[in-house]
Amino acid sequence: MQPPGAAQQPRIMEEKALEVYDLIRTIRDPEKPNTLEELEVVSESCVEVQEINEEYLVIIRFTPTVPHCSLATLIGLCLRVKLQRCLPFKHNLEIYISEGTHSTEEDINKQINDKQRVANGL
């Protein structure tokens, strides 16, 4: 038998993921007049939310427009800052480049998830 409220858990996580997506989809690309949503850098499916001990873990996987995008780090930082400033619930944040979509994804993933590097970048 499931604990009370367990059946609602997936719906709540979907709602949180949509809330996150609504915040990031309108971020403008640093080089183009388009939003990240319009350029398909982010989509609803790139956002995942998990509940962990009264907090939420928000995971975002974004796709740069080209495999050698020089502004992928900046896009990752923009995502992080927007969510840190605007998310109304307590959360931890992990942001990654979608696997296989950038030539230096491993280095960029380290940079945009390292607190000291993020602080230096801002």
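The model is predicted, so local features need pLDDT of at least 70, side-chain atom pairs count only at pLDDT 80 or more, and totals for chains, interfaces and linings use all residues. Residues are numbered from 1 along each chain as its sequence is written, and side-chain values use heavy atoms, with hydrogens and water left out.

## The annotated span

UniProt, in an unreviewed entry, lists residues 19-82 as "domain: MIP18 family-like". UniProt positions are given here in the numbering of this model, feature names are shortened, and annotations may be inferred rather than shown by experiment. In the model, the end C-alpha atoms of residues 19-82 lie 12 Å apart. The span is 27% helix and 22% strand. Helices (H or I, at least four residues) and strands (E, at least two) are DSSP runs, numbered from the N terminus.

## Salt bridges

Side chains of opposite charge can pair when their charged atoms come close. A salt bridge here is a side-chain nitrogen of Lys or Arg within 4 Å of a carboxyl oxygen of Asp or Glu. By this rule the model has five salt bridges.

| Salt bridge | N to O distance |
|---|---|
| Arg11 and Glu15 | 2.6 Å |
| Asp22 and Arg25 | 3.4 Å |
| Glu48 and Arg61 | 3.6 Å |

Take Glu48 and Arg61. This pair links distant parts of the chain. Glu48 sits in strand 1, and Arg61 in strand 2 (residues 55-62), 13 residues apart. Glu48 is partly exposed, because its relative accessible area is 32%. Arg61 is also in this class, at 38%.

Some salt bridges share partners. They join Asp22, Arg25 and Glu37 into one network. Asp22 is partly exposed at 46%. Arg25 is partly exposed at 29%.

Arg11 and Glu15 both lie in helix 1. They are four residues apart, about one turn of the helix. Arg11 has a relative accessible area of 41%, so it is partly exposed. Glu15 is partly exposed too, at 41%.

## A buried charge without a salt bridge

Where is Asp29 found? Asp29 is in the loop between helix 1 (9-24) and strand 1 (47-52). Asp29 is buried, yet it has no salt bridge. The nearest side chain of opposite charge, Lys32, is 4.7 Å away. For charge, Lys and Arg count as positive and Asp and Glu as negative; His and the chain ends are not counted.

What does the side chain of Asp29 reach? It reaches the backbone nitrogen of Glu31 at 2.8 Å. Asp29 also touches Asn34, Leu36, Leu39 and Ile75, not counting residues up to four places away in sequence. Contact means heavy atoms within 4.5 Å.

Tyr56 lies in strand 2. Tyr56 counts as buried because its relative accessibility is 14%. Leaving aside neighbours within four places in sequence, its contacts include Ile12, Met13, Lys16, Val49 and Phe89. Tyr56 and Glu44 are 12 residues apart in sequence and 17 Å apart in space, C-alpha to C-alpha.

Thr73 is in helix 2 (residues 72-86). Thr73 has a relative accessible area of 17%, so it is buried. Beyond its neighbours within four places in sequence, Thr73 is in contact with Ile108, Gln111 and Ile112.

## Cysteines

How many disulfides does a search of the whole structure find? It finds zero. A disulfide is a pair of cysteine sulfur atoms within 2.5 Å. For Cys78, the nearest cysteine sulfur is that of Cys69, 11 Å away. Cys78 is partly exposed at 30%. For Cys86, the nearest cysteine sulfur is that of Cys78, 12 Å away. Cys86 is partly exposed at 37%.

## Positive phi angles

Most residues other than glycine have a negative phi. Glu40 is not a glycine, yet has a positive phi of about 60 degrees. Glu40 is found in the loop between helix 1 and strand 1. It counts as exposed because its relative accessibility is 65%.

Glu54 has a positive phi of about 70 degrees, although it is not a glycine. Glu54 is in the loop between strand 1 and strand 2. It is exposed, with a relative accessible area of 73%.

Key: Buried < 20%, exposed > 50% of the residue type's maximum accessible area, 1.4 Å probe, protein only. Polar contact = N/O pair within 3.5 Å; in protein donor to acceptor, adjacent residues only side chain to side chain.
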